[in-house]
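Subject: Model for your files, with notes

Hello,

Please find the structure below. My notes on it follow directly after.

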Amino acid sequence: MAPRLNRWLIAAIVVFGAAVGRVTQAADAGPVELLNVSYDPTRELYRDINDAFAKHYEQEHGRKVAIKQSHAASGSQARAVIDGLDADVVTLAVWPDVEAVAKSGLLRGDWQRRYDNDSVPYHSVVVFVVRKGNPKGIKDWADLVKGDVSIITPNPKTSGNGKYSFLAAWGSALAAGGSEDDAKTFVTEVYRRTPVLDTGARAATATFSQKGIGDVHLTFENEAHLEVDEAGGELEIIYPTRSIRVDPPVAVVDENVDRKATRHVAEAYLGFLYTSEGRAIIAKHHYRPWGENPPPPAAGETWPAIETFDIGKVGGWEVAMKKFFGEGGVFDAIYQPAGR
Amino acid sequence: MPTSRTATIDPSKAVSALLVAAAVAIVGLLIVVPLMSVFYEAFSGGVAGWWRAVAHDPDTRHAIWLSLTVAPVAVAINTVFGVAAAWLVARFRFPGRSLLISFFDVPFAVSPVVAGLALVLIFGRQGLLGPTLAWLHWKVIFAWPGLVLATTFVTLPLVVRELIPVMESIGPDEEMAAVSLGASGWQVFWQITLPNIRWALLHGIVLANARAMGEFGAVYVVSGHIAGATDTMPLRVEKLFQEYRQPASMAVASVLAGLALVTLVVKFVIEHRLEAEARELELARSTDGTTHDATLEAAGP
């Protein structure tokens, strides 16, 4: 009898385990849980957005929402979602990362048209962070390659911030009237002066501000403000004459929200980024909200004027990804790791 | 060095003093100073500030809790596996035995990141078992089971590696005697094998636990970085550091470092017992006249 009982017991455990696995999903009455998979610099922004949205949603729909956040380099985050990280929404740094998630079948093809401004609720620009008093006199792109200036920017292969910095440098050379060859020479020189290539934006920030390496850090405006605020007067921001417009898109992950029955909350969550309350929070964190009359970062402040060009200047994302960051692309050709 | 007794003249004294100074400087610079600076930074806001950072942030609290649940489970799995595998390898000779022993070392040889990626390739959404797991609604990667798997993988060799030499040096005599007297398999295990290997086993468990708590690379890949859900202590340290909350980050780091220091003390005590046991064994062997020197050598801690 004993062996037979054992067999039944094992079978029962397996069936029960499977059943529990399938049932726990449906039978939960607590707050709706959302997972926002985002990139490095948005941690502080979404912490505020989450609080405000949870209040807003409970008022409107009488349901509590608990939002969890995941942050790392944009490219690796897209990869994780593709490999099964259960994101309800993705708010990534660059269009190709969201598009990669879409291509894996998790998003419907029309994701970009679901929200205003091609699903880009806020934008930023690439600016310079320099040490106090700007000792190397860095005012514009051309100054980056003068004297012995050393530059910090993350790896464009893994980091959205890194990609934008690369493209900003390239586009600025074109916008100043240079040819493709001029742009290539300039960007080669920029990366020749880059002693470390971190994988993500935050790691690069730590390299520049905490480890004290480099004379200038190329980064997003929002990230620059955070970095300068943290440094207690040791760093300052420089706005070059022109720079690239950073357009981080957002999307609801169709397959996941349909499986988890969270579509309504997820869509409201991203929609909240376009409301006046959402826009004010976005501005407070130094992201430039989309739409007419963007609210300023703080009362009485204004957004510094800067001439911008978008990804179209360098051929659009599909071209740029292949041409610059693809296997054997421009970046592979020009970058020689430390030591040269 | 055969001439060391006569070579007590000044130059060699100077050399030895220099070597000692170098050793102290290296240990000081590489271990003591960084560790002290972690504690210094952690308590820069006083004990109250440290406590607030460790206990009042729900995400940090969860990270500590997560590490304290993931590590013991991984260590338990490795204990069962380690004892069984070491017994197999120490007591039996079979084709492929040395190959099996080399496989135990694979987790040491392979980078933890590779281990994590391998798990993603098997259990990820697009992985080998992805569709099956999705149908069952079982989450492995980017959830608790994935963290346990990754931690188990990187700590796998620690217990088994510790046990093989000890089991080999003890030999099968006592176990065989017990069997010949009619003891059952479990009786032999609980009353003969386990008492004989207990200190070595404990040593392996302590080392595995220390490694499990501190694991970063493999866990980093399979965690998914969800604050308050899948961030273990080491991942939380990194995240806090990147969020410019350095004192809080160092406070969590100091908890990790504290656990490491406790481990060190426990390890020290156990090593003493191991040495004592090895001496006893040697004494017993030398009195009954049999020669097992070759195997004894392998028993050294």
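The domain assignment of chain B gives two parts, domain 1 (1-42) and domain 2 (58-299); such bounds come from an automatic or database domain assignment. The C-alpha centres of domain 1 of chain B and domain 2 of chain B are 32 Å apart. Five residues from domain 1 of chain B and seven residues from domain 2 of chain B make the contact, where two residues are in contact if their C-beta atoms, placed from the backbone, lie within 7 Å. On the side of domain 1 of chain B that touches domain 2 of chain B, four residues are nonpolar, none is polar and one is charged. In this classification Ala, Val, Leu, Ile, Met, Phe, Trp, Tyr, Cys and Pro count as nonpolar, Asp, Glu, Lys and Arg as charged, and the others, Gly among them, as polar.

Before going further, note that this is a predicted model, in which local features need pLDDT of at least 70 and side-chain atom pairs count only at pLDDT 80 or more, while totals for chains, interfaces and linings use all residues. Residues are numbered from 1 along each chain as its sequence is written, and chains are lettered from A and ligands numbered from 1 in the order in which they are written.

Chain A is also divided in two: domain 1 covers 31-120 + 248-274, and domain 2 covers 124-246 + 302-334. Their centres, taken over C-alpha atoms, are separated by 27 Å. In the contact between them, 16 residues belong to domain 1 of chain A and 16 residues to domain 2 of chain A. Helix 3 (74-82) and helix 4 (95-103) of chain A are the elements that give two or more residues to the domain 1 side. Helices (H or I, at least four residues) and strands (E, at least two) are DSSP runs, numbered from the N terminus. By class, that side of domain 1 of chain A has ten nonpolar, three polar and three charged residues.

Next, the contact between the chains. Chain A contributes 20 residues and chain B 19 residues. On the chain A side, helix 1 (2-26), strand 2 (65-72), helix 3 and helix 8 (201-210) each supply at least two residues. Strand 2 of chain A gives the largest share, five residues. The chain A side divides into seven nonpolar, six polar and seven charged residues.

Strand 2 also belongs to a sheet in chain A. Four strands form this open sheet in the order 2-1-3-9, with mixed pairing; two strands pair if DSSP finds at least two bridges between them. Strand 2 and strand 9 (250-252) of chain A are at the edges with a single partner strand each, so one side of each has no neighbour in the sheet. From one strand to the next, the twist averages 20°.

Strand 1 (residues 32-39) of chain A pairs with strand 3 (residues 89-91) of chain A in the parallel sense over three bridges. Among the bridge partners are A:V37 with A:V90 and A:N36 with A:V89. Helix 2 (residues 43-61) of chain A packs on the sheet and touches strand 1 and strand 2 of chain A, its direction making about 165° with that of strand 2 of chain A. Helix 3 of chain A packs on the sheet too, touching strand 1, strand 2 and strand 3 of chain A, at about 140° to the direction of strand 1 of chain A. Axes here are lines fitted to C-alpha atoms, for helices over the stretch in contact, and angles run from 0 to 180 degrees between N-to-C directions.

Strand 1 and strand 2 of chain A run parallel and are joined by eight bridges, one of which pairs A:E33 with A:A66. Seven of the eight residues of strand 1 of chain A are buried, so this strand is largely enclosed by the rest of the structure. Buried means 20 or more other C-beta atoms within 10 Å of the residue's own, exposed 12 or fewer, and partly exposed in between, with C-beta atoms placed from the backbone.

A:S119, in helix 5 (residues 116-119) of chain A, has phi near 60° and is buried, with 21 other C-beta atoms within 10 Å. A:N293 has phi near 45° and is exposed, with 7 other C-beta atoms within 10 Å.

Regards
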